[in-house]
Amino acid sequence: MPCPYRRISQMHTPDEYPVTTTYDEQLQQEAALWGSVDAASTTPPDWALRRTLLHNAIMHTADIDALLAQVTPGMRTLELGCGPGWLTHAMAKRGAHATGMDISEQSLEVARAYYEQTRADLPGTADYHVADLNRLQLEPGTYDIIVTKGTLHHLLELEHVIGQVYAALKPGGLFWASDQDGDEALHTALAASALMFVLPTTVSYADKFAGLAKFGADAPSRIKASMEAEGLSPFEGAGRDHDWVTLIEQQFVVERKIVKPAITGYMAHQLNMPEKPLWWTLRAIKAVDALLVKLGILHSTGVILYARKPL
């Protein structure tokens with residue numbers, strides 16, 4: 001059965017959306033899903049606490065720290081798809097007047113509550129707003145930095161969103177985007193499948209053998225769907241139909257493009273072993289993974305762009 005967002009994604013501008021319960025219901029489901037995920041987190045939305053978590057330490061800490069180094073006191077910054085607000089909060093901690101936008105009011109309640117707890121110690125400010133990013137309308141020439149992490153592949157109207165980002169940045173402003181670009185390659189999923197089968201994961205070896213007997217050659221396709229989080233949310237993967245990297249390159253000056261390892265992030269969520277062996281196993285997987293991506297043997301969809309609005 002095709003995902004419900006496929007039909008909606010044929011529309012070209014936010015104003016062309018019909019007022020239908022289908023889109024509104026999907027939007028509510030999206031908000032409820034991420035709100036429940038964020039509310040269930042046991043780690044406060046503070047980058048100082050989250051940067052040492054295993055998955056972040058392996059895959060994201062260096063990248064986020066490099067981004068935050070771009071933030072200086074007095075800047076106006078915006079995060080699209082801020083969730084519980086840890087990155088917006090981190091920019092406020094750097095002295096920025098930071099704004100976060102997200103579809104989930106429940107996530108923003110988490111963000112606001114933590115900001116109120118910590119605001120006396122922040123040199124900057126943070127405020128949070130509910131927004132349907134597909135219908136984004138931003139004030140032109142407002143922000144020094146706009147960031148988005150893991151949000152673009154959920155959006156139907158990427159051309160509109162990126163156009164709004166371009167207009168809202170000041171001349172010379174930075175657009176930092178980190179996301180998945182395109183579909184996972186089957187040979188990459190095959191490599192992940194092999195590691196999943198050999199290494200201890202959240203799935204028992206008995207179930208692995210049973211699954212292999214049941215699905216046979218289709219097993220890598222199921223891993224591919226899992227890597228793409230197929231069906232996780234109503235809009236999961238909607239933006240994979242659009243080439244957001246090219247859309248950004250057409251308007252901005254790309255200062256830096258980082259291609260992430262292909263399978264390490266996925267494996268970090270699947271492996272099941274004591275912390276120290278897990279750390280070293282993931283370090284080894286990442287080193288080999290990055291080399292294979294560089295050699296073109298594995299295909300990675302993970303991309304980070306540092307894109308500057310021309311002066």
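Analyst: A search of the whole structure finds five aromatic pairs. This is a predicted model: local features need pLDDT of at least 70, side-chain atom pairs need 80 or more, and totals for chains, interfaces and linings use all residues. Residues are numbered from 1 along each chain, and side-chain values use heavy atoms, without hydrogens and water.

User: What makes Trp-47 and Trp-86 a stacked pair?

Analyst: Rings of Phe, Tyr and Trp (its six-membered ring) pair if their centres lie within 6.5 Å; planes under 30 degrees apart count as stacked, over 60 as edge-to-face, the rest as tilted. Trp-47 and Trp-86 are 5.0 Å apart centre to centre, with 25 degrees between the planes, so they are stacked.

User: Why is Trp-47 called buried?

Analyst: Buried means under 20% relative accessible area, exposed over 50%, partly exposed in between (1.4 Å probe, protein chains only). Trp-47 has 6%, so it is buried. Trp-86, at 14%, counts as buried too.

User: How do you know that Arg-222 sits over the ring of Phe-215?

Analyst: The test takes NZ of Lys or CZ of Arg: within 6 Å of the ring centre and within 35 degrees of the ring normal. The charged end of Arg-222 is 3.7 Å from the centre of the Phe-215 ring. Lys-309 lies over the face of Tyr-166, at 4.9 Å.

User: What links Tyr-166, Phe-175 and Phe-252 into a cluster?

Analyst: Ring pairs do.
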